[in-house]
Amino acid sequence: MMHTNDISTGAPTEPVHGLRQAQGERSLKLAQLDAQTWDLVVIGGGISGAGVAQQAARQGWRVLLIEQRDFAWGTSSRSSKLVHGGLRYLKEGDLKTTLHSVRERQRLMQEAPELIEPQSFLFSNCLGRKPGRWLFQTGLVLYDLMAGLSSHFWADLPTTQTLAPGLNPPRMRGALVFQDAKTDDARLVWRVLMQAQRDGAVLLNYVAAQGLKLDTGRVAGVTVQDALTGQAYTVRTKAVINATGAWADRLRQAVSGKPMLRPLRGSHLVLPFWRLPVAQAISLMHPKDGRPVFLYPWEGATLIGTTDLDHRAELDVEASITPQEVDYLIEAVNDQFPAAALRPVDVSACYAGVRPVVDDGKGAASQAARDHVVLDESGLITLTGGKLTTFRLMAQDALALAAPHVGQAFAKDDGVIFTPVGALNPRWSASVRHRLAARYGYRAGELSQHASEADLQTIAGTQTLWLELSVAAQFEAVVHLDDLLLRRTRLGILLPRGGLDHLARIRALCQPHLHWDNARWQSEIERYQALIAAHYQLPPSMLDQAP
């Protein structure tokens, strides 16, 4: 006998009226929800869920992925944007996490070099500060060995000052330089989702899991609700993978799972590049508490991060940076670049995300283990913890647990994730072709074939092409303005005032595809303005400090 355990997910339950975006395609997907029995339902549209859907669909499983808000809405659009090996985990003795991360970093750079790009890091060596040169260099030797590289080197003081003009922490003697990588985290999620869909997965944002259906104590289905219409569906499935990140404990309540997560907040500052121009990523230990902090060039801006604090606020409310975190990050930068004399007024945007870290009982948040966990509780497979870099390995571990429920074999393999990018118009500049390949992968040629010269111009102060807005509106499941400006593009954190100064042209490009009338546009602008003010700008108490 089947029964339903209702679980509130915090997703909106009232219908959102007037949404006509891609209604035909969306309606076809919704019609499939209760028309068949799925091999696997994946709950969560961040990098973990995307990786699971891609790996399962590639092996021919019937896969449905649902996300209660937007794809990459949570942690996966608010990370530090680094695809790195976790050098600091060596200090904690976590060799396995570092080894897996380094190898996956190299793999991703080979498969999608246009999206996962190398980034040189510089760590200044200062007399009397930890870690000392030789200890840090020993760690870098091991780091390179794990990757099969020899990329780090010692830079004397003149070389350091050439590589990083203005870098001048107290008693600096030189620096160690090493290699890692960076990405656009939300676009990485989208690229993986594209691959999952290409292999047959059905993907729906703004569809929330409301409850699990149990049959003789085992998970046999999911009750879901379309947030746009309020319509409810009962989805039959052989297995469910809970890839909801920091929300994972909530879904586990239906199978009596004990809480295991320690949500940690990581906050970041975004500066206009001209205010702190750096060619190298600068890695440092905060002078106050010895925690790692970094700053580096990203998408035409300078990104500064990150904090690592217990997040005790309600998870369904977007995380926001605190005044203390702003001061903490600015203090770290001014220690390294004293002549910059950064102040809060220099910050053009902020963002904060909540990491799904497994509680290992350690007191310091920064020392909590970052390895992932997979567990099977009555057919609910939970995948949580881990890192952006290791999403493929995490997905394979979860699918290995799900396979007996599905009744199909799942063999871990090293198959390529990303379909190669085809040739693009040779008349376009190398930078434009690189940008299109990064954003759209194997679909780059198809989505840009009718691009005009104006479409391929960059938006001032960013590396974003105007074309990206119209493509997102037409093909990338945009439901709200923040989907477009915070995740499909990153204009909301790259431009002052969240990019509101460009709304007239954005509207002209996107309205033909979104089909929003004047009233809908106005309501979306008001909603977006409130969101930016509350969660992507300086805390209100700090705005008063502006001259």
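How much space lies in the second largest pocket? The points below take up this question and then turn to other features of the model.

1. **Basis.** The model is predicted, with local features requiring pLDDT of at least 70 and side-chain atom pairs counted only at pLDDT 80 or more, while totals for chains, interfaces and linings use all residues. Residues are numbered from 1 along each chain as its sequence is written, and side-chain values use heavy atoms, with hydrogens and water left out.

2. **Second largest pocket.** The second largest pocket holds about 420 Å³ of space. Its lining comprises 21 residues, of which Glu25, Lys29, Gln197, Phe475 and Ala477 are the closest to the centre. A pocket is an open set of points on a 1 Å grid over the protein atoms alone, with protein on both sides within 12 Å along at least five of seven lines; lining residues have an atom within 4 Å of a point. Grid points are joined across faces, edges and corners, and a volume is the space filled by probe spheres set on the points.

3. **Composition of that lining.** At least two residues each come from helix H1 (23–32), helix H7 (185–198), strand E8 (202–205) and helix H13 (467–475). H7 gives the most, with five residues. Helices (H or I, at least four residues) and strands (E, at least two) are DSSP runs, numbered from the N terminus. By class, the lining divides into 11 nonpolar, four polar and six charged residues. Here Ala, Val, Leu, Ile, Met, Phe, Trp, Tyr, Cys and Pro count as nonpolar, Asp, Glu, Lys and Arg as charged, and the others, Gly among them, as polar.

4. **Cavities.** There are four cavities of 30 Å³ or more, a cavity being a set of grid points where a 1.4 Å probe fits but cannot get out. The largest cavity has a volume of about 70 Å³. Its lining includes Trp73, Arg78, Trp247 and Glu318, and divides into seven nonpolar, three polar and two charged residues.

5. **A buried strand residue.** Ile43 lies in strand E3 (residues 40–43). Its relative accessible area is 6%, and therefore Ile43 is buried (buried means under 20%, exposed over 50%, partly exposed in between, with a 1.4 Å probe and protein chains only). The C-alpha atoms of Ile43 and Gln68 are separated by 8.3 Å, although these residues stand 25 apart along the chain.

6. **An exposed helix residue.** Leu145 has its place in helix H5. Leu145 counts as exposed because its relative accessibility is 61%.
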